[in-house]
Amino acid sequence: MHTTFAQDRQATYRGAMARFTTGVTIITTRTPDGPAGMTASAVASVSLDPLMLLICVGNDLASRDAISEAGAFAVSVLANGQERTALRFASRCDDKFAGVDFRSDHGLPVVDGAVAHFACTVHEEVAGGDHTIFIGEVVSCAYDAESDPLVYFGGRFNSLCDPESHARMAFEWQLAASL
Ligand SMILES: Cc1cc2nc3c(=O)[nH]c(=O)nc-3n(C[C@H](O)[C@H](O)[C@H](O)COP(=O)(O)O)c2cc1C
């Protein structure tokens, strides 16, 4: 039984928005005490000229102030299989970076094995209700065209279904079984 908008506006909004399939990213920044980061799915492209993207960060999060103070952030787009990293950075533990491999781009931590990453300087901070919209100017980005992304849908992690690779695997399996 689903709630209706009239019964519970926030629950219905959350449920409806959870049907908007997204990727999963790790937003990172630097602080005087070391790197900081969080998991985020509220990420969108804004502009091609100049290159800009946006992220939405809860006002009550430590990451909000860290990004604002640094004036810079990186977005790492997670690959299929990086669910543990997503869960770690969605928690409030203070050693989020322990055991996770990172490299640096423009002095910002970038997750190893990500399908893409963007390094940004903060162009503008816009109030968005209980979140802050950071519009970032992209100073660097890169991607791996071969790897598959981690997908978020209905409050769960998923992966892309590639029908061609499924068909190929089924064919190879049948061939091997018939030999
Ligand atoms: C898949 C997923 C996506 C998320 N997306 C966002 C987001 O876009 N914006 C946000 O503010 N929090 C988002 N969160 C929640 C934050 O990751 C979480 O509040 C985290 O504790 C923030 O880190 P901090 O407390 O160290 O700042 C998301 C969590 C998950 C699991």
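This is a predicted model: local features need pLDDT of at least 70, side-chain atom pairs count only at pLDDT 80 or more; totals for chains, interfaces and linings use all residues.
How many nonpolar, polar and charged residues are in the shell around the ligand? I began my notebook with this one. I found eleven nonpolar, five polar and one charged.

**Entry 1: around the ligand**

I looked up which residues come nearest to the ligand. Among the 17 residues around it, these are Met38, Ala40, Ala42, Leu61 and Ser63. I then asked which elements supply at least two residues of the shell, and noted S3, S5 and H2.

**Entry 2: the whole chain**

I counted four helices and twelve strands. The chain has 179 residues, and 24% of them count as buried. Along the principal axes, the C-alpha atoms fill a box of roughly 65 × 50 × 35 Å. I also looked at contacts with a separation of 6 or more: residues 24 or more positions apart account for 64% of these.

In an unreviewed entry, UniProt lists residues 17-159 as "domain: Flavin reductase like". In the model, this span is 12% helix and 55% strand. The C-alpha atoms at the ends of the span lie 18 Å apart.

**Entry 3: the core**

Which residues have the most contacts inside the largest nonpolar core? I wrote down Ile27, Phe73, Ala74, Val75, Leu78 and Ala114, from a core of 29 residues. Several elements each supply at least two residues of this core, including strand S2 (25-31), helix H2 (62-70) and strand S9 (116-128). The largest share, five residues, comes from S6.

Leaving out residues up to four places away in sequence, Leu78 touches Val24, Thr25, Ile26, Thr85, Ala86, Val111, Ala114, Pro149 and Leu150.

I found an open sheet of three strands in the order S1-S11-S12, with antiparallel pairing. Its edge strands are S1 (22-23) and S12 (156-159), and each of these pairs on one side only. S11 and S12 are joined over four bridges. Leu150 stands opposite Ser159 in S12.

Then I moved to strand S7 (residues 102-105), which pairs with S8 in the antiparallel sense over four bridges. Asp105 stands opposite Leu108 in S8.

Are the faces of S8 covered or open? Both are covered: Leu108 and Val110 are buried on one side, and Pro109 and Val111 are buried on the other. A reminder to myself: in a regular strand, side chains alternate between the two faces of the sheet.

His106 is not a glycine, yet its phi is positive, at about 55 degrees. I noted the background for this: most residues other than glycine have a negative phi. His106 counts as exposed because it has 12 C-beta neighbours inside 10 Å, and a residue is exposed if it has 12 or fewer.

**Entry 6**

Why does strand S4 (residues 43-48) lie largely in the open? I checked its six residues, and the number buried is zero, so the strand lies largely in the open. S4 and S5 run antiparallel and are joined by five bridges. Ala44 stands opposite Leu54 in S5.

These two strands also form a hairpin, with two residues between them. Pro50 has its place in the loop between S4 and S5. I looked at the peptide bond that joins Asp49 and Pro50, and found it to be cis, with omega about 5 degrees. Most peptide bonds are trans.

**Entry 4: two exposed residues**

Last, I picked out Asp95, in the loop between helix H3 (83-89) and S7. Asp95 counts as exposed because it has 9 C-beta neighbours inside 10 Å. From C-alpha to C-alpha, Asp95 is 40 Å from Gln7, and the two are 88 residues apart in sequence.

I also looked for His2, which is found in the segment before helix H1 (9-17). His2 is exposed, with 8 other C-beta atoms within 10 Å. His2 and Arg84 are 82 residues apart in sequence, and their C-alpha atoms are 30 Å apart in space.

Conventions: Residues are numbered from 1 along each chain as its sequence is written. A nonpolar core is a set of buried Ala, Val, Leu, Ile, Met, Phe, Trp, Tyr and Cys residues joined through C-beta atoms within 7 Å. A residue is buried if 20 or more other C-beta atoms lie within 10 Å of its own, exposed if 12 or fewer, and partly exposed in between; C-beta atoms are placed from the backbone. Two residues are in contact if their C-beta atoms, placed from the backbone, lie within 7 Å. Two strands pair if DSSP finds at least two bridges between them. A residue is near a molecule or strand if its C-beta atom, placed from the backbone, lies within 6 Å of it. Ala, Val, Leu, Ile, Met, Phe, Trp, Tyr, Cys and Pro count as nonpolar, Asp, Glu, Lys and Arg as charged, and the others, Gly among them, as polar. UniProt positions are given in the numbering used here, feature names are shortened, and annotations may be inferred rather than shown by experiment.
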